[in-house]
Amino acid sequence: MGISELWATYGGMYLQALLTTWAMTAVSYVIAMALAVLITVMRVCPIRPLRVLGDFYVQVFRNIAGICLLIIIVYALPNLGLTLPYRTCVIVATVLLVSAFGSENFMSGINTIGIGQIEAARSIGLGFSQTLRLVVIPQALRSAVLPMTNLAIACLLTTAIGSQVPLSPPELTGLVSYINTRTTGGIATFLISALGYVGTALVIGFVGNRIDRKVRILR
Amino acid sequence: MSSEQNTGSEVAGQVPMIELRHVEKHFGDLHVLRDINLKVGKGEVLVVIGPSGSGKSTMCRTINRLETIDSGEILIDGKPLPEEGRELAAARAELGMVFQSFNLFAHRTILDNVTMGPIEVQGVPRKEAEESAMALLERVGVAEQAAKVPAQLSGGQQQRVAIARSLAMHPKAMMFDEPTSALDPEMINEVLEVMVELARGGMTMVVVTHEMSFARRVANRVVFMADGTIMEEGSPDEFFDHPTTERARDFLDSIKGH
Ligand SMILES: Nc1ncnc2c1ncn2[C@@H]1O[C@H](COP(=O)(O)OP(=O)(O)OP(=O)(O)O)[C@@H](O)[C@H]1O
Ligand SMILES: [Mg+2]
């Protein structure tokens, strides 16, 4: 089967798969960003056990392959009495992974701020949480836009782990296997999905760059 | 003695604005502050001078607890400096601090830099805070820059904004840690002039600086530090013209040399 034939037969499924990939990416990314802020706050707070816990979280989820994480969530959690829908499993695995990397991005954003501004904040009487909210987090967010853009693309690609569980509808990568068990599309089957990923990544990159130019902090 | 010096307050019985009693501080094995005893009267201008590494910054920073101390006592207006929490934040709000590297908030406008403390710490309504901030920026000569961000200003302008930011909190006293040493020579005076005005206005000031002309014009007292101790203190003219210790003489020779 050539590309046009594939598209004629499976076009609707491809679109649905693209929407599934987009939806899982968007949901995972939004949750992961919120979680990354929380983890980062833990990692810089004055309470040592929280700092340790935050660092531990990042070390664990940054250093584990997405697919392993998914397998653990799908096959191990039910033994603990927690059975989640497959789609939720994929999102959870992606969130854990992406939030760990996201926190690393925020940490390097924080490191660009410099202790001087934090001391200045404290010396006008701002407390810990005010200093975080007014000085540290806004700057960390703004200087993390580019790495976070890359991470959004990584998040998009990570949702491909969804091909390893029976999602319905499948996402872009899962659909490739689905079609290839029925027809002999070969590389062309993959090509259409790949276009979906590349197109999305280009849009994410474009938007990220625009945002960065707008919020970048002059130094 | 020059006529510009304000009177200070060596009045018997008056509570000093800042008092350090037997303050000790280590960084690991390094003994940076050794039995520091110091009183700064209300309205007094104290200049701290001494070789690099002698503990001047550390001493300055202990006064608003940017550095903790190992032992001893620090009293602000007669009250012990709180160790942490809201009380410490409140105490810091009453002590201005101006750093060598300005440390303006890079992501906020000049105006926001000055209004942040009053709005967030003191709960002043925004409009009111902005009006007083503009008046302060006017006073330090950078009102036209209010809408810019710090990186768009020269070093001298940034340092004057930093002073305005401290003043916006109506501090009881202000510390300056080498406020002009990161500046190009042509910008030093514009900052020193603002500080002279402050001193004349009766502000209590602790100023770490090697600017002798500034010290002679406005300091009530000069303290010479070396190796974590206060080696010598006296009026600027006494100290600069007739230092009593060998260390102070050597040090003054070395800074007069260039
Ligand atoms: N956070 C720190 N950790 C370890 N050592 C420090 C720290 N801050 C300062 N020191 C050391 O303490 C000593 C005193 O430092 P301090 O900055 O108070 O000196 P200073 O008199 O201000 O010197 P300078 O004129 O160079 O600014 C120095 O030997 C310095 O290296
Ligand atoms: Mg210093």
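This is a predicted model: local features need pLDDT of at least 70, side-chain atom pairs count only at pLDDT 80 or more; totals for chains, interfaces and linings use all residues.
**Chain A, order of elements**

My tally for chain A is nine helices and zero strands. I then looked up the extent of chain A along its principal axes, where the C-alpha atoms fill a box of roughly 70 × 45 × 20 Å.

**Chain A, H1 against H4**

I next looked at helix H1 of chain A, residues 3-44, and helix H4 of chain A, residues 86-113, which pack with their axes 6 Å apart at an angle of about 45°. H1(A) and H4(A) are therefore oblique to each other, and I noted that their crossing is right-handed. Sorting the residues of the contact of H1(A) with H4(A) by class, I have 19 nonpolar, seven polar and three charged.

**Chain A, a cis peptide bond**

I looked up the peptide bond between Ser168(A) and Pro169(A), and I recorded it as cis, with omega at about -5°. I flagged this bond because most peptide bonds are trans. Pro169(A) sits in the loop that lies between helix H7 (145-158) and helix H8 (172-180) of chain A.

**Chain B, a positive phi**

In chain B I stopped at Asp35(B), which is not a glycine and yet has a positive phi of about 45°. I wrote this residue down because most residues other than glycine have a negative phi. As for its place, Asp35(B) belongs to strand S2 of chain B, which covers residues 30-40.

**Chain B, H4 against H5**

I then turned to helix H4 of chain B, residues 126-139, whose axis comes within 9 Å of that of H5(B), the two crossing at roughly 140°. That angle makes H4(B) oblique to H5(B), since the label of roughly antiparallel is kept for angles over 145 degrees. I have the crossing of H4(B) and H5(B) down as right-handed. On the H4(B) side I listed Leu136(B), Leu137(B) and Arg139(B), which meet Val161(B), Ala164(B) and Leu167(B) of H5(B). By class, the contact of H4(B) with H5(B) divides into five nonpolar residues, no polar ones and one charged.

**Chain B, H5 against H6**

I followed H5(B), residues 155-167, on to helix H6 of chain B, residues 185-200, and found that the two pack with their axes 8 Å apart at an angle of about 20°. H5(B) and H6(B) are therefore roughly parallel to each other, and H5(B) passes H6(B) in a right-handed crossing. From H5(B), the residues that take part are Gly155(B), Gly156(B), Gln157(B), Gln159(B), Arg160(B), Ile163(B) and Leu167(B), and they meet Met187(B), Glu190(B), Val191(B), Val194(B), Met195(B) and Leu198(B) in H6(B). I counted the classes in this contact of H5(B) with H6(B) as seven nonpolar, four polar and two charged residues. I also noted that Leu167(B) is among the H5(B) residues that meet H6(B), and that Leu167(B) is likewise named in the contact with H4(B).

**Chain B, around ligand 1**

I then went through some of the polar contacts with oxygen atoms of the ligand. For Ser54(B), a polar backbone atom is 3.2 Å from an oxygen atom of ligand 1. For Gly55(B), a backbone N or O atom lies 3.0 Å from an oxygen atom of ligand 1. Lys56(B) takes part through its side chain, with a polar atom 2.8 Å from an oxygen atom of ligand 1.

Notes:
Residues are numbered from 1 along each chain as its sequence is written. Chains are lettered from A and ligands numbered from 1 in the order in which they are written. Side-chain values use heavy atoms; hydrogens and water are left out. Axes are lines fitted to C-alpha atoms, for helices over the stretch in contact, and angles run from 0 to 180 degrees between N-to-C directions. Helices (H or I, at least four residues) and strands (E, at least two) are DSSP runs, numbered from the N terminus. Angles under 35 degrees count as roughly parallel, over 145 as roughly antiparallel, 65 to 115 as roughly perpendicular and the rest as oblique. A crossing is left-handed if the near helix is turned anticlockwise from the far one by less than a right angle, and right-handed if clockwise. Contact means heavy atoms within 4.5 Å. Ala, Val, Leu, Ile, Met, Phe, Trp, Tyr, Cys and Pro count as nonpolar, Asp, Glu, Lys and Arg as charged, and the others, Gly among them, as polar. A polar contact is a pair of N or O atoms within 3.5 Å; within protein, one must be able to donate a hydrogen and the other to accept it, and residues adjacent in sequence count only if both atoms are side-chain atoms.
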